[in-house]
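Biologist: I would like to learn how to read a few features of a model like this one. Please give the general idea before each case.

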Amino acid sequence: MNRVSHLALFVLSCLLFATPLNANNHDSLIEAAKKEGSLVLYTSMTVDQAQKLNDAFRVKYPFLQVHMFRAVGERLLTKIMTETQAGRFDFDVVQSAETQAYFLKKRNLLARYHSPETKQLQKGFFDADGFWAAIYMMPNIIAYNTRMVKRSEVPVSDEDLLNPKWRGKIGMDHTKPEWFSWKLKRLGQDKGLAYMKKLGAQEFKLYSGLTIITGLLAAGEFPLVLNTYIHNAEDAKRKGAPVDWLAQDPVFTKFQPIGVAAKAPHPNAAKLFVDFMLSEEGQRIIASFGRVPTRRAVPTTVQGLEKLTFVIDEFSAGDDFNKNYEQFRNIFGGPKQ
C-alpha cells in the first residue's frame with residue numbers, strides 16, 4: 001500500500017471514530033458527575049428564573065443537586081475574592097456580568113472549558129480561550145412609564161436627554177458604569193466627559209439594583225429610566241406594569257457569561273451545567289423570560305430588535321474599571337467605593 005493510501009486510510013479512520021469518541025466523552029462526563037452528586041452555582045440571575053433553569057437541569061440530571069447563591073455585580077465578585085483570599089474554593093459555576101468574568105479570568109479563577117455548545121453561539125459571545133461563554137445578551141435601553149409619558153416624547157438621542165424638562169425625572173442605577181465607559185470610548189475621552197457632566201446636571205434619581213428601579217418606574221416614582229436592560233422592561237410588561245422601552249441606535253449590549261471555577265469541587269457536574277445553559281433547551285427557557293439568548297436559531301420573545309444595530313461590550317470597563325467607576329460616581333453621585 002502506498003503512502004497516499006495509508007494517509008487516506010488514516011483520515012477515514014479519524015472520521016469514523018470522531019463521533020463515538022465525542023459521545024463517549026459525554027458519557028464519561030455524566031458518570032464522573034454522578035460520583036460528585038452536586039454542584040454549587042453562584043449567579044446574578046433573579047432567583048425565580050435561576051430556579052426554573054435549575055429545576056429543568058435536574059429533570060435532565062436527577063442525580064445532581066444544585067446549591068445556589070445569588071448576588072449581583074460587585075457583591076458576587078467580592079464574595080468570591082474574599083473566599084479565595086481565605087483559601088476557600090466553594091463554587092463550581094459562576095454566572096454574572098462580563099465585567100466579573102474579565103476579572104475572574106485575569107486572576108486565574110476560571111477554568112478553561114470549551115463546551116461543545118459554543119459552536120452554536122453567535123459571534124462575539126464566547127471567550128476564544130474557553131474560559132467563559134455568554135448565556136444571554138443585555139441590550140441597554142431607555143425604559144418609560146406609559147402612563148406618564150407618550151412614546152413620541154421619550155428622549156432617545158444624547159441631546160434629547162439634556163432637555164431641562166427631564167431634570168429630576170430620570171432614574172438610574174449608580175452601580176453600573178459600563179455604559180458610561182462605552183460612551184467615553186464612543187465620543188472620545190474629552191468630548192465624552194464634557195457630555196456626561198452636562199448629563200449629570202439632570203439630577204438623576206439614583207438607586208442600586210435595576211429590579212428595584214423598574215418597580216419604582218412602574219409605580220410612577222419617575223417617568224424614565226436610563227441605562228437599564230431590556231429584560232427588566234420586558235419582565236415588567238409581561239406582568240402588566242405600565243412600562244415600555246426605546247433604544248438608542250446603535251445599542252450598547254452587555255452580556256452574561258458563565259464559567260467553571262478553576263478549583264471547582266465538582267468540575268464534571270459544573271461542565272454539564274454549562275452545557276445545559278448553552279444548549280437549545282436551556283436557551284429556550286432563557287428566551288421565555290423575555291431575555292435575549294446568544295444561541296443562533298433560538299428566537300427571542302422580545303419585539304422590535306430586528307431593526308437595531310448592536311455593539312457588543314468588549315469589556316469596556318477592562319483594566320480601567322475603577323477609574324471609570326470613580327469618574328461615573330463623581331459626575332452622577334452615589335456612595336463612593
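Modeller: Start with burial: a residue is buried under 20% relative accessible area, exposed over 50% and partly exposed in between, with a 1.4 Å probe and protein chains only. This is a predicted model, in which local features need pLDDT of at least 70 and side-chain atom pairs pLDDT 80 or more, while totals for chains, interfaces and linings use all residues. Residues are numbered from 1 along each chain as its sequence is written, and side-chain values use heavy atoms, without hydrogens and water.

Biologist: How many aromatic pairs does the whole structure have?

Modeller: A pair of aromatic rings is described by the distance of the centres and the angle of the planes. Rings of Phe, Tyr and Trp (its six-membered ring) pair with centres within 6.5 Å; planes under 30 degrees apart are stacked, over 60 edge-to-face, the rest tilted. The search finds 15 such pairs. Tyr42 and Phe91 have ring centres 5.1 Å apart and planes at 25°, so they are stacked. Tyr42 belongs to strand E1, and Phe91, 49 residues away, to the loop between helix H3 (73–85) and strand E3 (93–95). Helices (H or I, at least four residues) and strands (E, at least two) are DSSP runs numbered from the N terminus.

Biologist: Are Tyr42 and Phe91 buried or exposed?

Modeller: Tyr42, at 4% relative accessible area, is buried, and Phe91, at 6%, is buried too. For a tilted pair, take Tyr207 and Phe222, with centres 6.1 Å apart and planes at 40°. Tyr207 sits in strand E6 and Phe222 in the loop between H7 and E7, 15 residues apart. Tyr207 is partly exposed at 26%, whereas Phe222 is buried at 1%. Ring pairs also join Phe57, Tyr61, Phe63, Phe273 and Phe276 into a cluster.

Biologist: Which residues does Leu41 touch?

Modeller: Contact means heavy atoms within 4.5 Å. Leu41, in strand E1 (residues 38–43), is buried at 3% relative accessibility. Leaving aside residues up to four places away in sequence, Leu41 touches Asn54, Val66, His67, Met68, Phe69, Val93 and Phe273.

Biologist: Which residues of helix H7 are buried?

Modeller: In H7 (residues 210–219) they are Leu210, Ile213, Thr214 and Leu217. Down the axis of H7 these fall within an arc of 100°, so they line one face of the helix; the arc is that of the directions from the axis to the C-beta atoms. Exposed Thr211 and Ala219 are on the face turned away from the buried side. The cover over the buried residues of H7 includes strand E4 (133–145) and helix H8 (230–238). Gly220, with a positive phi near 90°, follows H7.

Biologist: How many cavities of 30 Å³ or more are there?

Modeller: Rolling a probe the size of a water molecule over the atoms shows where empty space is left. On a 1 Å grid over the protein atoms alone, a cavity is a set of points where a 1.4 Å probe fits but cannot get out, and lining residues have an atom within 4 Å of a point. The structure has two of 30 Å³ or more. The largest cavity holds about 100 Å³, and among its 13 lining residues Asn140, Ile141, Ile142, Trp179 and Gln248 are closest to the centre. E4 gives the largest share of that lining, three residues. The second largest cavity has a volume of about 50 Å³, with Trp132 and Pro257 among its lining residues.

Technical notes
On a 1 Å grid over the protein atoms alone, a cavity is a set of points where a 1.4 Å probe fits but cannot get out, and a pocket is an open set with protein on both sides within 12 Å along at least five of seven lines; lining residues have an atom within 4 Å of a point. Grid points are joined across faces, edges and corners, and a volume is the space filled by probe spheres set on the points.
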